[in-house]
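This report describes one protein model for a reader who meets it for the first time. Please look at the sequence and the structure before reading on.

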Amino acid sequence: MEGVLGLLKLRVKRGINLAVRDTKTSDPYLVACLDSQKTKTKVIKGNCNPMWNDELTLTMKDPKAPIHIAVYDKDKFSNDDSMGMAEIDVKPYIECLRMGLNYNNLPNGTKLERVHPKKNNYLADQSCIVWENGKIVQDMVLRLRDVECGEVVIQIELVPLPGRKLHV
């Protein structure tokens, strides 16, 4: 685990109004990439509003590297169709972790930081970094690009490895 800062838990909750790629619906799945790693959710058949509720895990080496997200429609007899893509900028989240404050005294649900949608991020709405059940998590709704419609709801959490420093 040389050079690994921690384990990034990506909770892929659901898709909203995803693009139709088959006759009347799609069979979506989500792929997450970080550095050279790649992981994906299960396929949800015949649903443009899938409830994945999958937890994907990636190892984080570079706290500046974005997480690349792509959604595809699973096809049996041809290449899978693209249903959009997005990126997660983890820098605001890492910055909250780096503060190194003792959050244990904070009430559950305390908002540590707000990240607003901008032209250079994929957020559909304000995203909050929150102290929740003894952990720092960030919930977000990402608007997919390179597609006519669609959003994905995701939560991130970094579990730092003991003794590793986070530098942004």
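**Basis of the description**

The model is predicted, so local features are reported only at pLDDT of at least 70 and side-chain atom pairs only at pLDDT 80 or more, while totals for chains, interfaces and linings use all residues. Residues are numbered from 1 along each chain as its sequence is written, and side-chain values use heavy atoms, with hydrogens and water left out.

**The nonpolar core**

A nonpolar core is a set of buried Ala, Val, Leu, Ile, Met, Phe, Trp, Tyr and Cys residues joined through side-chain atoms within 4.5 Å. Buried stands for under 20% relative accessible area, exposed for over 50%, and partly exposed for values in between, with a 1.4 Å probe and protein chains only. The largest such core has 42 residues, and the members that touch the most others are L10, L30, I67, I69, I88, L142 and I154.

L30 illustrates these contacts (heavy atoms within 4.5 Å). Leaving aside residues up to four places away in sequence, L30 touches V12, T39, K40, T41, W52, L56, I69, A70, V71, V152 and I154.

**The largest pocket**

Rolling a probe the size of a water molecule over the atoms shows where empty space is left. On a 1 Å grid over the protein atoms alone, a pocket is an open set of points where a 1.4 Å probe fits, with protein on both sides within 12 Å along at least five of seven lines; lining residues have an atom within 4 Å of a point. Grid points are joined across faces, edges and corners, and a volume is the space filled by probe spheres set on the points.

The largest pocket has a volume of about 330 Å³. Its lining consists of 17 residues, and D89, P92, V115, N120 and N121 lie nearest the centre. Helices (H or I, at least four residues) and strands (E, at least two) are DSSP runs numbered from the N terminus. Strand 6 (81-88), helix 1 (91-98) and strand 9 (135-143) each supply at least two lining residues; the largest share, 3 residues, comes from strand 9.

By class, the lining has 8 nonpolar, 4 polar and 5 charged residues. In this count Ala, Val, Leu, Ile, Met, Phe, Trp, Tyr, Cys and Pro are nonpolar, Asp, Glu, Lys and Arg are charged, and the others, Gly among them, are polar.

**Salt bridges**

Side chains of opposite charge can pair when their charged atoms come close. A salt bridge here is a side-chain nitrogen of Lys or Arg within 4 Å of a carboxyl oxygen of Asp or Glu. The structure holds 9 salt bridges, including those in the table.

| Pair | N to O distance |
|---|---|
| R11 and E157 | 2.6 Å |
| K42 and D54 | 2.7 Å |
| K91 and D89 | 3.6 Å |

R11 and E157 meet through their side chains. The pair links distant parts of the chain, with R11 in strand 1 (residues 6-16) and E157 in strand 10 (residues 151-160), 146 residues apart. Both R11 and E157 are buried. R11, E55 and E157 are also linked in a network of salt bridges.

K42 and D54 form another salt bridge. K42 lies in the loop between strand 3 (37-40) and strand 4 (51-60) and D54 in strand 4, so the pair ties together parts that are 12 residues apart in sequence. K42 counts as partly exposed at 40% relative accessibility, whereas D54 is buried at 17%.

In the salt bridge of K91 with D89, K91 is partly exposed at 34% and D89 is partly exposed at 37%.

**Residues in loops**

V90 is found in the loop between strand 6 and helix 1. V90 is buried, with a relative accessible area of 1%. Apart from residues up to four places away in sequence, V90 touches M60, P63, A65, I67 and I156. The C-alpha atoms of V90 and P63 are 7.0 Å apart, although 27 residues separate them along the chain.

T25 lies in the loop between strand 1 and strand 2 (28-34) and is partly exposed at 24%.

D35 lies between strand 2 and strand 3 and is partly exposed at 46%. N133 lies between strand 8 (127-132) and strand 9 and is exposed at 56%.
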